[in-house]
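The following paragraphs lead the reader through one protein model, element by element. Please keep the sequence and the three-dimensional view at hand while reading.

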Amino acid sequence: MKHFKFGRIGGKILSAFLFIHFFMFTSISAFAAPASKEEALTEAEERKSLPVQSNQVENWPAGPAIGAESAILLEANTGVILYAKNIDERLYPASTTKLMTCLLAVENCELSETITFSHDAVFSLEPGSSNIGIDEGQAMTLEECLYGILTASANEVSNAVAEHVAGSVDAFADMMNEKAQLLGCKNTHFVNAHGLHNENHYTSSYDLAVIAKAFFQNELLSKIGNTPYYHFMPTSKQPDDFTVRNKHRLISGEIAYDGIKGGKTGYTDDARETLVTCAEQNGMKLICVIMKEESPEQFYDTVKLFDYGFTNFMTANVSENETKYSIQNSNFFNTSNDIFGNSKPILALNTDSYLIMPKSVSFDDLDSEISYETTGEDTVAEINYFYHNAYLGTATVDFVREMPASYEFSQNTEALSETGSEESQVIIVNIKVILIVTLIIAAILIVIFIIRSIIDNYSFLNNRGVVKKRGKRKRDRKGGPYLPSSRFKDFDL
């Protein structure tokens, strides 16, 4: 008999009893859960007074006070942090762990692969924890499992996927930790695939946002992670017909918000409410992470932070604003009669590079630093932008391989119509390197010329000596001085 069905039929009382019994006899962690709802609400109210790091940046838009212990608002495409509150504090992620579980699953398996549920996958879970009632020996495709994990937060499905990908949950946890380090996480350690409480299973809001950034770069995961409900159809390996609903209120539509791209809920007594959400508006794709909050405030905190981000920040195209990194006469590299016989530019700022900056700040107020240590095949340099040490994004300077004439014409026409004068193409050139290379080549050519001259002169002197010797021998044979030939006899010599 399915444990999910048993709970729906009449096992709720037994499940509750086992759940209470389990936590009464487990050891209390260093981050013990509040003793009552009232105590939890009091702690949440106190957390509103905790400092917000982003508010300490001079002239930065003031972010809202929220009841979460830790929170971050991060722009997914640039990695720019708009709001930061205790973003490096180690906390329990609960079921938001499953973002990493699903990310590894799609990176290592095909959607059509069959996932068979083992005894341990089904029965190693805490009583009363979230599940969809799959029994030992039953099976689903990986695609169905992803819906079960992200829409219904099913723990037994997370276990089964972990075993399928890595052979065991422990081996899968090792893969999770390796992936976290690869993504740049600094305060993360996983021990399971579902996020049920373990003192050694933790992350930070910053690290969780970095994981979510990778998650939402995958279109399939974004689609599944933004599913309000999912209908499981019966198959020969899974006989039940049932529907699961997403508890994320911004995904289900219970709390309406424009541009939601998906997310994941999480809860344990020790973690409290955790929430990851992605939304896109005005060219910005924001990821919000809330950790250790009380229900339902995690949803309203998320709305507050999204409103804060979309209202106070904007995108700024670097190539349209940058004037600092340029050569005064850009026609040296972009003209119809340049020295290279080519009307196309050699180097240019990437027209797709943009920053995320406060609306109250001017582009001229930004600080920047340039680096020539790049890994891109066509990238010559990178320019990192800051505002009072707050990172705003990166622009690249690239080799321009192709530039259609029609595009150049339309671009120049727009510039003339808007400003009344021709705008210079912004470029960056390392003049020092060009001069050094030119001098080296010139020096080599000079050395070659000198050597060649010495050789030629040496050969000329040797030939002249041979001519003198031949003349002397001829005089000796005739017994007298050398006389001109007969053809010169009419001249007075």
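The buried residues of helix α3 are Lys-98, Leu-99, Met-100, Thr-101, Cys-102, Leu-103, Leu-104, Ala-105 and Val-106, where buried means under 20% relative accessible area, exposed over 50% and partly exposed in between, with a 1.4 Å probe and protein chains only. Nine of the eleven residues of α3 are thus buried, and the helix is mostly covered. The model is a predicted one, in which local features need pLDDT of at least 70 and side-chain atom pairs count only at pLDDT 80 or more, while totals for chains, interfaces and linings use all residues. Residues are numbered from 1 along each chain as its sequence is written, and side-chain values use heavy atoms, with hydrogens and water left out.

Helix α3 (residues 98–108) packs against helix α5 (residues 142–152) at an angle of about 170 degrees, and their axes are 10 Å apart. Axes here are lines fitted to C-alpha atoms, for helices over the stretch in contact, and angles run from 0 to 180 degrees between N-to-C directions. The angle makes α3 roughly antiparallel to α5, a label given to angles over 145 degrees, whereas those under 35 count as roughly parallel, 65 to 115 as roughly perpendicular and the rest as oblique. On the side of α3 the contact is made by Lys-98, Leu-99, Thr-101, Cys-102, Ala-105 and Val-106, and on the side of α5 by Leu-142, Leu-146, Ile-149 and Leu-150; contact means heavy atoms within 4.5 Å.

The protein chain as a whole contains 13 helices and 15 strands. These are DSSP runs numbered from the N terminus, helices being H or I of at least four residues and strands E of at least two. Of the 493 residues of the chain, 44% count as buried. Among its contacts with a separation of 6 or more, 64% come from residues 24 or more positions apart. The accessible surface of the chain comes to about 26,800 Å², and 53% of this belongs to carbon and sulfur atoms; such areas come from the Shrake-Rupley method with a 1.4 Å probe, and for residues only the protein chains shown count as cover.

The strands may be considered next. Strands of a sheet pair through backbone hydrogen bonds, either parallel or antiparallel. Eight bridges link β7 to strand β8 (residues 272–281) in the antiparallel sense, and Ala-279 in β8 is the bridge partner of Ile-260.

Within this sheet, strand β9 (residues 284–293) holds Glu-293. With a relative accessible area of 2%, Glu-293 is buried. A polar atom of the Glu-293 side chain lies 3.2 Å from the backbone nitrogen of Ala-68. Not counting residues up to four places away in sequence, Glu-293 touches Ala-44, Arg-47, Gly-67, Ala-68, Arg-272, Glu-273, Gln-298 and Asp-301.

A further open sheet consists of four strands in the order β11-β15-β14-β13, and its pairing is antiparallel. The edge strands, β11 (347–349) and β13 (367–371), each pair on one side only. Here the twist averages 20 degrees from one strand to the next. Three bridges connect β11 and β15 in the antiparallel sense, and Leu-349 has Val-397 in β15 as its bridge partner. Strand β14 (residues 379–387) and strand β15 (residues 390–399) are joined by eight bridges and run antiparallel. Thr-379 is bridged to Asp-398 in β15, and Tyr-387 stands opposite Ala-390. The two strands β14 and β15 form a hairpin with two residues between them, and His-388 in the turn has a positive phi of about 50 degrees.

Strand β15 is mostly covered, seven of its ten residues being buried. Leaving aside neighbours within four places in sequence, Tyr-391 is in contact with Thr-78, Gly-79, Val-80, Asn-384, Tyr-385 and Phe-386.

Key
Two strands pair if DSSP finds at least two bridges between them. A polar contact is a pair of N or O atoms within 3.5 Å; within protein, one must be able to donate a hydrogen and the other to accept it, and residues adjacent in sequence count only if both atoms are side-chain atoms.
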